[in-house]
Amino acid sequence: MSMTDLLKAEEIKKALEAFAGQNHQKHDGGGDYGMDNSLYILSSSFFFLSGETFDPKKFFELVGMKAMSAENVKKVFQVLDVDGSGFIEEEELKFVLKGFSSEGRDLTDSETV
């Protein structure tokens, strides 16, 4: 399943463009994010926000996730969980924006520490 099976391509593009090239850092250093927590992870701010940085709540709203059912949010999580482990490990987190589109940018090491 691809992200465009779950979300509108134009909304994904708009969200990626809104946050292209901005700096952001993950909050509360390290760890895995399990599927059981996917609704929390995908709808909450697990990045430290300061000034004009990446805002995951706004990003997920722009891609249309705010209006999605819990089941569809879990499907989005499964697409982002590339290795199918039930967790989004730190290595996968680096590529989370590319999980929405190949046009998405990679997060830097400092953004995922």
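So, E91: partly exposed, at a relative accessible area of 47%. By partly exposed I mean between two limits: buried is under 20% relative accessible area and exposed is over 50%, using a 1.4 Å probe and protein chains only. Its partner is K94, and the two side chains form a salt bridge at 3.4 Å, N to O. K94, for its part, counts as buried, at 17% relative accessibility. Salt bridge here means a side-chain nitrogen of Lys or Arg within 4 Å of a carboxyl oxygen of Asp or Glu.

Before I go on, a word on the model. It's a predicted one, so local features need pLDDT of at least 70 and side-chain atom pairs count only at pLDDT 80 or more, while totals for chains, interfaces and linings use all residues. Residues are numbered from 1 along each chain as its sequence is written, and side-chain values use heavy atoms, with hydrogens and water left out.

Okay, back to the charges. How many salt bridges turn up in the whole structure? Three. Besides the pair I started with, D106 bridges to K98, with the closest N and O atoms 3.3 Å apart. D106 is partly exposed at 34%, and K98 is partly exposed too, at 38% relative accessibility. Then there's E17 with K13, where the closest N and O atoms are 4.0 Å apart. Those two sit four residues apart in helix α1, residues 9–18, which is about one turn of the helix. Both E17 and K13 are exposed.

Let me zoom out to the fold. The protein chain has six helices and four strands; these are DSSP runs, H or I over at least four residues for helices and E over at least two for strands, numbered from the N terminus. Along the sequence, the order reads α-β-β-α-β-α-α-β-α-α. The chain has 113 residues, and 41% of them are buried. As for contacts, meaning heavy atoms within 4.5 Å, take the ones between residues at least 6 apart in sequence: 61% of those join residues at least 24 apart.

Now the inside. The largest nonpolar core holds 23 residues, and L7, F59, V63, M65, V76 and F100 have the most contacts inside it. Who supplies this core? Helices α1, α3 (56–62), α4 (70–80) and α6 (96–100) each put in at least two residues, and α4 gives the most, with four. A core like this is a set of buried Ala, Val, Leu, Ile, Met, Phe, Trp, Tyr and Cys residues joined through side-chain atoms within 4.5 Å.

Which of its residues are buried? I12, A15 and L16. They cover an arc of only 100 degrees around the axis, so they're on the same side of α1; the arc is taken from the directions from the helix axis to the C-beta atoms. E10, K13 and E17 are exposed on the other side of α1. And the buried residues of α1 pack against α3 and α6.

Last thing, the annotation. UniProt, in an unreviewed entry, lists D81, D83, S85, F87 and E92 under "binding site". Those positions are in the numbering used here, feature names are shortened, and annotations may be inferred rather than shown by experiment. Of that list, S85 lies in the loop between α4 and β4 (87–88), and S85 is partly exposed, at 37%.
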